[in-house]
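Me: I am new to this structure and should like to go through it by question and answer. Please show the sequence and the model.

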Amino acid sequence: MKKFMSLVLTVALAFSIFQGVPAEKVSAASVTGTVVLSGSTSVNPLIQALAEAFMAKNKGIKIVEQNVTGSGAGITDATKGTVDFGMSSRDITGTEAQTLNKVQICLDGLAVVVNKSNPVNELSPSQLYKIYTRDTSSLNWNQISGSYSTSVKIAPFGRESGSGTRSCFEDFFKVDFGSALPGGYDVNLDGSLASTGVMQASVQNNSGAIGYMSLGDMDESKVKALKIEGVEPSKFSVADGTYAIKRPFLLVYNKSKAITPAAQAFLDFIASADGQKIIDSQGFVKNNLVRVKATGISLSKTEVTLKPGAGTSIKATVAPEDTTNKTLTYTSSNPSVATVSASGEIKAIEAGSATITVRANDGSNVKKTCKVTVAYPVTSVKVNKTSAELFVGKTLTLKATVGPANATNKAITWKSSNAAVAAVSATGVVTAKKAGKVTITVTTSDGKKTAACQIVVK
């Protein structure tokens with residue numbers, strides 16, 4: 001059923017961001033008038049934010065809210081034609097659709113919330129069902145896995161009859177869970193609350209409370225949202241259908257009542273880039289919202305050499321710039337050689353090599369690597385002779401000492417300034433060939449440190 005609902009949503013959004021809005025837009029610059037709305041307490045805070053921005057740009061139009069008591073009130077007022085728009089946080093029924101047109105301004109997830117002190121982080125639909133039907137197995141929080149260890153009474157709160165928020169909550173059980181809440185279940189709740197604000201305050205002030213409310217209206221500093229079916233409620237999990245408890249935010253109007261130029265101007269503003277930005281900033285889900293996945297990661301360093309005990313950091317940049325989830329995971333292929341923190345701080349432990357992998361957390365499998373070499377660096381090199389004399393045909397073996405003694409890479413190369421006078425082998429054996437003077441130089445591979453021996457061939 002969830003997949004079907006998600007498909008329906010995707011197809012619907014493909015036709016139009018704002019269904020029901022007349023195609024011809026109105027220039028609001030010269031329009032005056034008043035736009036009256038009523039209805040949902042969940043939709044109203046968003047409408048207020050949109051109205052404030054709209055009226056700042058359109059001084060001749062006033063947006064007024066009245067009878068903000070629930071979706072039912074907005075639908076009733078719109079049916080009567082006493083308001084320009086009814087605000088509804090539930091879809092309209094087939095009967096209501098005979099009289100009303102609807103405009104979906106956005107989507108909203110319904111967050112199941114508990115007191116901030118509650119240790120529980122997730123509930124299954126079955127557990128939630130038992131809590132709201134007052135099943136004897138779910139009367140106290142210590143009966144719920146991961147919750148309070150002591151006996152704390154579960155205090156379930158719901159919304160009042162006619163609330164769009166309540167309809168969404170009940171529809172989740174009926175459609176997605178497959179077991180409708182029984183008639184009269186609300187009688188046994190600790191309260192059927194009249195608004196989103198009262199719900200949040202009730203849960204905030206009761207350690208055993210659980211309730212449900214608009215995800216966009218939820219204040220994370222006051223209450224905690226729970227995962228449902230292992231899915232965290234977010235704008236994106238609502239948009240892609242992975243989070244099941246969701247609903248449309250609608251403006252409904254009477255089919256027989258013409259939309260005024262002022263009302264149409266307000267609809268146009270909501271559909272504009274400015275309006276959509278407000279919807280997004282308020283925590284609600286734009287109709288055309290999609291996740292933008294990472295396509296690449298660039299690193300400030302792709303290869304570093306450190307001595308044991310030293311450290312460095314790598315800075316990662318995710319592309320594209322508007323990637324939805326920019327969080328990254330850092331791992332080391334060999335933590336005994338080099339470790340890396342969650343923020344990209346690398347620390348060298350002992351000599352060896354390791355690969356630091358930086359991977360995107362959005363499921364795109366995009367990654368980038370940095371090679372880390374941990375070594376004791378070479379600081380010097382000396383030759384056992386700084387000068388010598390040789391007769392033609394004779395040989396001399398030079399020896400080089402690389403410092404410090406625990407240097408990791410002691411590789412060296414030998415070179416003659418004039419191989420016709422005296423040649424030198426890879427192991428430091430000098431062979432005199434003809435009379436003359438020559439300089440034999442040794443160079444370390446690490447650090448390019450040098451030392452020399454002056455040879456006179458006789």
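Me: Is Val457 buried or exposed?
Reply: This is a predicted model, in which local features need pLDDT of at least 70, side-chain atom pairs count only at pLDDT 80 or more, and totals for chains, interfaces and linings use all residues. Residues are numbered from 1 along each chain as its sequence is written, and side-chain values use heavy atoms, with hydrogens and water left out. Buried means under 20% relative accessible area, exposed over 50%, and partly exposed in between (1.4 Å probe, protein chains only). Because its relative accessible area is 3%, Val457 is buried.

Me: Which residues does Glu96 touch, not counting residues up to four places away in sequence?
Reply: Glu96 lies in helix H4, residues 94–97. At 17% relative accessibility, Glu96 counts as buried. With residues up to four places away in sequence set aside, Glu96 touches Ile75 and Arg90.

Me: How far apart are the end C-alpha atoms of helix H6?
Reply: The expected span of a helix is 1.5 Å times one less than its number of residues. For the 14 residues of H6 (residues 164–177), this should give 20 Å. The end C-alpha atoms agree with that, being 19 Å apart.

Me: At which residue does H6 bend?
Reply: The bend at a residue is the angle between axes fitted to the seven residues ending there and the seven starting there. In H6 this angle is about 30°, and the residue is Asp171.

Me: At what angle do the axes of helices H9 and H10 cross?
Reply: Axes are lines fitted to C-alpha atoms, for helices over the stretch in contact, and angles run from 0 to 180 degrees between N-to-C directions. The axes of H9 (residues 261–271) and H10 (residues 273–281) come within 4 Å. Angles under 35 degrees count as roughly parallel, over 145 as roughly antiparallel, 65 to 115 as roughly perpendicular and the rest as oblique. H9 and H10 are therefore roughly perpendicular, their axes crossing at roughly 65°.

Methods
Helices (H or I, at least four residues) and strands (E, at least two) are DSSP runs, numbered from the N terminus. Contact means heavy atoms within 4.5 Å.
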